[in-house]
Amino acid sequence: MNDQMVIDKAKASLGEKALDITNPAPRRIFIKLKVEDLLTAVGWLKTEMGFTHLATISGVDLGQTFELLYHFANNYTCVNLRTEIPRDQPRLPSICSLIPGAILYERELQDMFGIIVENIPDGRTLLLPDGWPEGNYPLRKDWKYERPPEVIPGGKK
Amino acid sequence: MKFQIPIGPQHPALKEPISLRMTVEGEVIRDADIRLGYNHRGLEKLAEQKTWIQNIYLTERICGICSHSHTTCYVQGVEKLMELEPPKRGLYIRTLVAELERIHSHLLWLGVAGHEAGFDSFFMYTWRDREIVMDILEIITGNRVHYGINTIGGVRRDLDEQQVKRILDSLDILRQRSEYYKHLGTNEPSFVARLAGVGYLSREDAIALCAVGPTLRASGVAMDVRKDDPYAVYDEVPFEVCTADTCDVLGRTVVRIKELFQCYNIIEFLLKNLPAGPVAVRAPRRAKPNEVVSRYEAPRGENIHYIKSNGTDKPERLKVRAPTLGNYAATIQMLKNGFIADVPLIFAAIDPCICCAERAVSLVDARTGQEKIISLNSLKSLSLKLSAGNKRKREAEWPL
């Protein structure tokens with residue numbers, strides 16, 4: 001299996017669903033999809049192509065939209081599914097039914113970008129501390145950290 | 001009758017503080033739940049405010065054991081963004097440090113495994129031999145932990161003839177010692193009996209839960225980024241991917257011992273074929289808008305960085321996924337249907353981390369809500385006592 005074979009099969013199986021297929025470097029394939037077609041594409045990758053290993057999910061804040069990249073790998077190459085969701089409607093289907101190992105990455109996305117992952121088996125907070133204020137999503141570009149004023153207990157007033 | 005036991009955030013076997021809440025029935029763990037973030041440093045956000053060069057030293061500080069893994073993964077990604085071609089000698093030295101780091105990490109892990117299994121002389125032997133590797137690393141790079149040898153476009157220090165000779169001499173000692181560890185199991189059946197059957201992770205589960213590194217390879221899946229997606233000079237170096245099919249802690253030990261020998265061969269090959277020439281090229285300060293996915297096989301497993309540039313001297317986004325995060329989902333599976341007494345061993349098996357501080361585990365009675373604190377040492381002696389009379393594991397054989 002080489003890059004060209006994966007690209008040919010992607011064109012044949014996904015057809016119109018694959019908006020854009022690029023191969024910028026050896027063993028790196030980027031497939032752009034609509035968010036509705038994500039589950040179909042993950043299912044196709046897993047069952048037909050044998051990409052069972054999800055390395056991670058990367059989220060990028062593009063301003064108006066969030067870009068998500070699902071990095072899949074097998075013994076021959078690495079396929080990255082790219083999708084975009086609008087910032088004011090950040091909803092994403094969970095892929096845990098297909099790839100159970102995605103759960104921690106999806107929970108991380110919920111914490112860091114405020115993306116709502118639908119049908120996630122376990123949607124609790126993973127990384128942020130208890131009592132973290134609502135609506136603060138650290139990896140959004142407009143989020144700035146302000147260090148709270150330091151108060152030394154029993155110190156000078 | 002089900003009980004819930006919280007373990008962590010001050011954790012028995014991991015350096016990183018994580019919290020696990022386990023539901024137990026008697027001595028058997030039925031369910032485990034994980035909570036992270038106690039040591040979250042906001043590193044991905046911080047990286048967006050630092051320059052490309054500053055980020056090398058930031059990524060180096062992600063981990064104290066596999067610091068070189070993160071810098072190499074980052075640096076080779078940035079080199080692609082800047083369209084740089086590092087010189088061959090630089091790549092050879094980079095790979096050499098990577099393999100030395102793998103040896104020191106695996107020796108450290110073997111010691112921890114011996115310690116958790118109650119075989120402390122093994123722990124002292126392996127850690128003594130680990131000093132040989134640490135000394136070599138110090139000679140090459142000037143540092144023992146954060147080597148600071150990577151830079152964008154190559155490495156920062158060159159090797160001389162004397163250093164090469166010194167490393168080759170030390171390799172002989174390490175080979176001899178590892179040969180001894182390999183055969184140790186035959187004379188030490190209690191060690192093998194303690195490891196066999198503990199922390200079972202089937203091949204299907206390992207694949208489904210996206211486990212990485214020795215944990216995945218011990219479940220019989222031959223996946224190694226060095227082979228599948230060769231970076232640096234791994235496409236020129238002959239080596240084998242080591243696997244085991246016992247799917248337990250014994251398998252993970254075997255994989256790591258086998259990998260040690262592969263490391264020695266790789267280092268010998270690298271030193272004997274070291275090309276002449278410069279070690280680094282000059283790097284620009286900015287990178288054109290682009291993106292890159294960089295993968296690396298760290299001692300603990302696959303490490304992946306996603307880097308996006310926007311034309312300035314700072315990254316737009318740096319996503320880091322360290323191997324341990326990839327293994328957490330699998331750890332929960334391993335803990336299920338295991339014994340409380342095996343918890344330290346199973347944890348230690350996914351992740352080679354120093355456990356020098358005395359940590360505590362609190363046992364909560366679900367009926368009364370009363371907590372009982374027991375120290376790691378008493379938990380360990382409990383584990384030794386429990387496994388002593390186990391008949392099934394006594395027939396286990398050392399597979400090497």
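Two strands count as paired when DSSP finds at least two bridges between them. In chain B, Glu297(B) has Glu302(B) of S7(B) as its bridge partner. That pair belongs to a run of 9 bridges joining S6(B) to strand S7, residues 301-309 of chain B, and the two strands run antiparallel.

Put together, the 3 strands make an open sheet in the order S6-S7-S8 of chain B, with antiparallel pairing. The edges are held by strand S6 (290-298) and strand S8 (315-321) of chain B, each of which pairs on one side only. From one strand to the next, the twist averages 15 degrees.

Helix H3 of chain B (residues 67-81) lies across S6 and S7 of chain B and runs at about 150 degrees to S6(B). Helix H12 of chain B (residues 323-335) lies across S6, S7 and S8 of chain B, at about 125 degrees to S7(B).

Some of these elements turn up again where the chains meet. The contact takes 26 residues from chain B and 27 residues from chain A. On the side of chain B that touches chain A, at least two residues each come from helix H1 (43-47), helix H8 (203-208), S6, S7, S8 and H12 of chain B. Which element of chain B gives the most to that side? S7(B) does, with 4 residues. By class, the chain B residues that touch chain A divide into 12 nonpolar, 3 polar and 11 charged. For the model as a whole, ipTM is 0.92 and pTM is 0.87.

Another feature of chain B is a pair of packed helices. Two packed helices are described by the angle between their axes and the distance between the axes. Helix H4 (residues 88-116) and helix H13 (residues 343-350) of chain B pack at an angle of about 175 degrees, with their axes 9 Å apart. Angles over 145 degrees count as roughly antiparallel, so H4(B) and H13(B) are roughly antiparallel to each other. H4(B) brings Val112(B), Ala113(B) and Glu116(B) to the contact, while H13(B) brings Pro344(B), Leu345(B), Ala348(B) and Ala349(B). That makes 6 nonpolar residues, no polar ones and 1 charged in the contact of H4(B) with H13(B).

Chain B averages a pLDDT of 84, and 87% of the residues score at least 70. Over residues 352-369 of chain B, however, the pLDDT is below 50, although this stretch has 47 contacts in the model beyond near neighbours in sequence. Where pLDDT is low, the predicted coordinates should not be read in detail.

Chain A has a sheet of its own. An open sheet of 5 strands runs in the order S1-S2-S5-S4-S3 of chain A, with mixed pairing. Strand S1 (20-25) and strand S3 (53-61) of chain A stand at the edges with a single partner strand each, so one side of each is left without a neighbour in the sheet. Neighbouring strands here are turned by 20 degrees against each other on average, direction ignored. S1(A) is joined to strand S2 of chain A (residues 28-33) by 4 bridges, and these two strands run antiparallel. Asp20(A) finds its bridge partner in S2(A) at Lys32(A). Helix H2 of chain A (residues 38-47) lies across S2, strand S4 (65-73) and strand S5 (78-86) of chain A, running at about 170 degrees to S5(A).

Finally, there is Asn119(A), which lies in the segment after strand S7 (116-118) of chain A. Is Asn119(A) buried or exposed? A residue counts as exposed if 12 or fewer other C-beta atoms lie within 10 Å of its own; Asn119(A) has 12 within 10 Å and is therefore exposed. Leaving aside residues up to four places away in sequence, Asn119(A) touches Pro93(A) and Ser94(A). Cys96(A) is 23 residues from Asn119(A) in sequence, with 8.5 Å between their C-alpha atoms.

Methods. Residues are numbered from 1 along each chain as its sequence is written. Chains are lettered from A and ligands numbered from 1 in the order in which they are written. This is a predicted model: local features need pLDDT of at least 70, side-chain atom pairs count only at pLDDT 80 or more; totals for chains, interfaces and linings use all residues. Axes are lines fitted to C-alpha atoms, for helices over the stretch in contact, and angles run from 0 to 180 degrees between N-to-C directions. Two residues are in contact if their C-beta atoms, placed from the backbone, lie within 7 Å. Ala, Val, Leu, Ile, Met, Phe, Trp, Tyr, Cys and Pro count as nonpolar, Asp, Glu, Lys and Arg as charged, and the others, Gly among them, as polar. Angles under 35 degrees count as roughly parallel, over 145 as roughly antiparallel, 65 to 115 as roughly perpendicular and the rest as oblique. pLDDT is the predictor's confidence in each residue, from 0 to 100. A residue is buried if 20 or more other C-beta atoms lie within 10 Å of its own, exposed if 12 or fewer, and partly exposed in between; C-beta atoms are placed from the backbone.
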